[in-house]
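Keep the structure open beside you while you read.

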Amino acid sequence: MKISRRRLARQAAVQALYQWQVNPGSCDEIEAQFTTDPERLHGADVAFFKCLWQGVCAAIPELDPAIAQEVQDRRWADEISGVERAILRLAAYELRDQLQTPYRVVINEAIELGKDFGAEQGHRFVNAVLDKLAQRWRHAEISLAGR
């Protein structure tokens, strides 16, 4: 099955976020590493990757507290894997700021990324947290979908 260009961009964004978490540096430097290496974004929607990457980088100070509020039983910095943190940051950004992408698509993409890159049951945790954030940020869209 062929992977969509947007999913490839999301995969690259998760990898870039993970890299940034492990070795903090400039968002511009990491973006340049990904956009100048043809293998890193092979087949991906490069413009979408840049949009996601720049948006998440700018929004992390607001996203992290919102995510942490929904993971009350786990400490955000200490108990959540770096992969799950990267996926949650990316999907939270999309839920909050990329309103043209339906919330169900955002959550489904995050679940798939969790299955591909995360711990064995990590996608379930990601799903639970994103469901709560969707209720907060996409309440009207969810209400309309329920009709």
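Arginine 40 is partly exposed in this predicted model, with a relative accessible area of 33%. Its salt-bridge partner is aspartate 37, and the closest N and O atoms of the two are 3.7 Å apart. Aspartate 37 is partly exposed as well, at a relative accessible area of 28%.

Why might such side chains meet at all? Side chains of opposite charge can pair when their charged atoms come close.

How many salt bridges does the structure hold? There are ten, and the table shows some of them.

| Salt bridge | Closest N and O atoms |
|---|---|
| Arginine 7 with glutamate 109 | 2.8 Å |
| Lysine 115 with glutamate 112 | 3.6 Å |
| Aspartate 37 with arginine 40 | 3.7 Å |

Lysine 115 and glutamate 112 both belong to helix α6, where they sit three residues apart, so about one helical turn separates them. Lysine 115 is partly exposed, with a relative accessible area of 47%. Glutamate 112 also counts as partly exposed, at 22% relative accessibility.

Are arginine 7 and glutamate 109 buried or exposed? Both are buried. Arginine 7 lies in helix α1 (residues 5–22) and glutamate 109 in helix α6, so their pair ties together parts that are 102 residues apart in sequence.

Now to the helices themselves. Helix α5 (residues 82–97) and helix α6 (residues 103–117) have axes that come within 10 Å and cross at roughly 170 degrees. An angle over 145 degrees counts as roughly antiparallel, so α5 is roughly antiparallel to α6. Their crossing is right-handed. On the α5 side, the contact includes Val83, Ile87 and Leu90, along with Glu94; on the α6 side, Tyr103, Val106 and Phe117 are among the residues taking part. The residues of this contact divide into ten nonpolar, one polar and one charged.

What angle do the axes of α5 and helix α7 (residues 122–137) make? They come within 10 Å and cross at roughly 25 degrees, and α5 and α7 are therefore roughly parallel to each other. This crossing, too, is right-handed. Among the residues that meet here are Leu88, Ala92 and Arg96 in α5, and Phe125, Leu130 and Trp137 in α7. The contact of α5 with α7 is made up of twelve nonpolar, one polar and two charged residues.

Definitions and conventions: Residues numbered from 1 in each chain as written. Predicted model: local features only at pLDDT ≥ 70, side-chain atom pairs only at ≥ 80, totals over all residues. Heavy atoms only, no water. Axes fitted to C-alpha atoms, helices over the stretch in contact; angles between N-to-C directions. Helix = DSSP H or I, 4+ residues; strand = E, 2+ residues; numbered from the N terminus. Parallel < 35°, antiparallel > 145°, perpendicular 65-115°, else oblique. Left-handed = near helix turned anticlockwise from the far one by under 90°. Contact = heavy atoms within 4.5 Å. Nonpolar A, V, L, I, M, F, W, Y, C, P; charged D, E, K, R; others polar. Salt bridge = Lys/Arg side-chain N within 4 Å of Asp/Glu carboxyl O. Buried < 20%, exposed > 50% of the residue type's maximum accessible area, 1.4 Å probe, protein only.
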